[in-house]
Amino acid sequence: MARLTSLAEAISENVRDGDTVAMEGFTHLIPYAAGHEVIRQGKKDLFLIRMTPDILYDQLIGAGAARGMKFSWGGNPGVGSLHRFRDAVENQWPRPLEIEEHSHAAMANAYEAGAANLPFAMLRGYIGADLPKVNPNIKQVTCPFTGEVLAAVPAIRPDVTIIHALKADRKGNVLLEGIVGVQKEAVLGAKRSIVTVEEIVDDLNAPSPNSVILPSWAVTAVVAVPGGAFPSYAHGYYPRSNAFYIAWDEIARDRDTFQAWIEDNIMQAGPEDFARHAKKAA
Amino acid sequence: MSDFTPTEMMTIAAARALTNEDVCFVGIGAPSAACNVARLTHAPDITLIYESGTVGTRPDVLPLSIGDGELCDTALFTVPVPEMFRYWLQGGRITTGFLGGAQIDRFANLNTTVVGPYDHPKVRLPGGGGAPEIASNCGQIFITMALSKRGFVDKLNFITSMGHGEGGNHRERLGMKTKGPSRVITDLCILEPDPVTKELTVVSIHQGVTHAQISENCGWPIKFADTVIDTPAPTETELQTLRDINARTRKAHQGDGEAA
């Protein structure tokens, strides 16, 4: 059963130095507040996993929390480069970053294989592309029925997955809607999971019998952090702050500006600072 | 209306490549602008799909990311990302993929991964995202990129997504059944692969652009088709539609830039 707890406890109990950690959210519902708590607690040597590492992973990498990253697209969507990620890959600052690079299709399939308790995923992928030449974790399998050669990648089984969802009930059942990305697969494939939510309610009142629900018994910890996905967004609660994504380009470009931002907005702040972003959309 | 920028011409020429019957996997940036101009002008029933899982979306402003809330709010339906790549893309349900890129070569292979050696890159780019499988699994691919020596290069450092590979029947030899890149729309001209060699060839030139200008901005000795046509200038409706959506988009993405 999921334990309803504080963000500080959820992170300190479930994220250990050296862990492989997936913080998922495909543009929507990115777990910023939880990622900031990971930085605040000084977790280190993490191997980060995520399809679309954007600003949150730029912050974790720049803060020195990551030894490596498995990903398929690392940029600031619609804006440009992730400067902290580039500084780590191009100049090894603040430390070298081991990268394992895939395509979206491969990562999505690998998460699904993890949730399905399979050792690997296969897909009709990477045909004519160079990634298999630089990533030894992209191999080939031959279909035993047709002889077709397909790409194979290892299943993703994180030590811990962290996501943000819309709401949870008091038992710790969790609901998310809208662009649901790979969050369900990332949680089901992980050894431990932390879900931050906009609110905890008496009754989930699922809008449809097909709503995406992660039952309490499939989740380790649930924490109420209103606004916890800002500057990404929570469907029906608050919109994405595209202005912040644009502003991040300047903040992250320079090491000193970046470090000052981390000090002011993460080290000297807490999850309650996210609450002001959580005013419900009309 | 005669005053328009090369970028406006590029976007409108790209929009014209799409039809009402297309089911289109949309890349962010210039492809997204082109696809939505098509939807708001001559192709109102086009199906636009973004890799975040939104199917049949009709955004009022251009999204900054592939997963803005606007895309979900206006979609016919939204699916999880594994379903998007497994059932809809790999399942062969998408007629047209619309991509951009940092670098392209004469056979329309694209690089969005690194400039320089992979292990010690001069420039680390965002990476492939959906592109490697969009390029192989959509019925055909359109590409839109401004023509420049930096972007149109003789040799790619890295092939993120395969176009026509080494040319000729390379795609068939690898077992691909889809057409691959069938049109590249730039700010100066439109290119199409030669039917036999698959080398990109200029087939249409935008108003006021010279052959020399095109050659000077391409990183390989670019070929011109035997018959090259003039790209029709943007109509007033096309230009107004593009400018209106750009204005709405700028307004929507402004804000206080407040920090977390």
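How near do the axes of helix 1 of chain B and helix 2 of chain B come, and at what angle do they cross? The legends below take that pair first and then move on to other views. This is a predicted model, in which local features need pLDDT of at least 70, side-chain atom pairs count only at pLDDT 80 or more, and totals for chains, interfaces and linings use all residues. Residues are numbered from 1 along each chain as its sequence is written, chains are lettered from A and ligands numbered from 1 in the order in which they are written, and side-chain values use heavy atoms, with hydrogens and water left out.

**View 1. Helix 1 and helix 2 of chain B cross.** Their axes come within 8 Å and cross at roughly 60°; axes are lines fitted to C-alpha atoms, for helices over the stretch in contact, with angles from 0 to 180 degrees between N-to-C directions. That makes helix 1 of chain B oblique to helix 2 of chain B (under 35 degrees is roughly parallel, over 145 roughly antiparallel, 65 to 115 roughly perpendicular, the rest oblique). Where they meet, B:Thr11, B:Ala14 and B:Ala15 of helix 1 are in contact with B:Ala33, B:Ala34, B:Val37 and B:Ala38 of helix 2 (contact means heavy atoms within 4.5 Å). Helices (H or I, at least four residues) and strands (E, at least two) are DSSP runs, numbered from the N terminus.

**View 2. Ten strands of chain B form an open sheet.** The order is 4-3-2-1-5-10-11-12-13-14, with mixed pairing; two strands pair if DSSP finds at least two bridges between them. Strand 4 (77–78) and strand 14 (223–230) are the edges. Inside the sheet, strand 11 (residues 181–185) and strand 12 (residues 189–193) run antiparallel, joined by two bridges, and B:Val184 stands opposite B:Leu191.

**View 3. B:Ile104 sits in the largest nonpolar core.** This core has 91 residues; such a core is a set of buried Ala, Val, Leu, Ile, Met, Phe, Trp, Tyr and Cys residues joined through side-chain atoms within 4.5 Å. Beyond its neighbours within four places in sequence, B:Ile104 touches residues including B:Phe152, B:Val184 and B:Trp220.

**View 4. A loop of chain A holds A:Gln92 and A:Pro94.** The loop runs between helix 4 (83–91) and strand 5 (98–101) of chain A. A cis peptide bond joins A:Trp93 and A:Pro94, with omega about 0°. A:Gln92 has a positive phi of about 55°, although not a glycine. A:Gln92 is partly exposed, at 41% relative accessible area (buried is under 20%, exposed over 50%, partly exposed in between; 1.4 Å probe, protein chains only).
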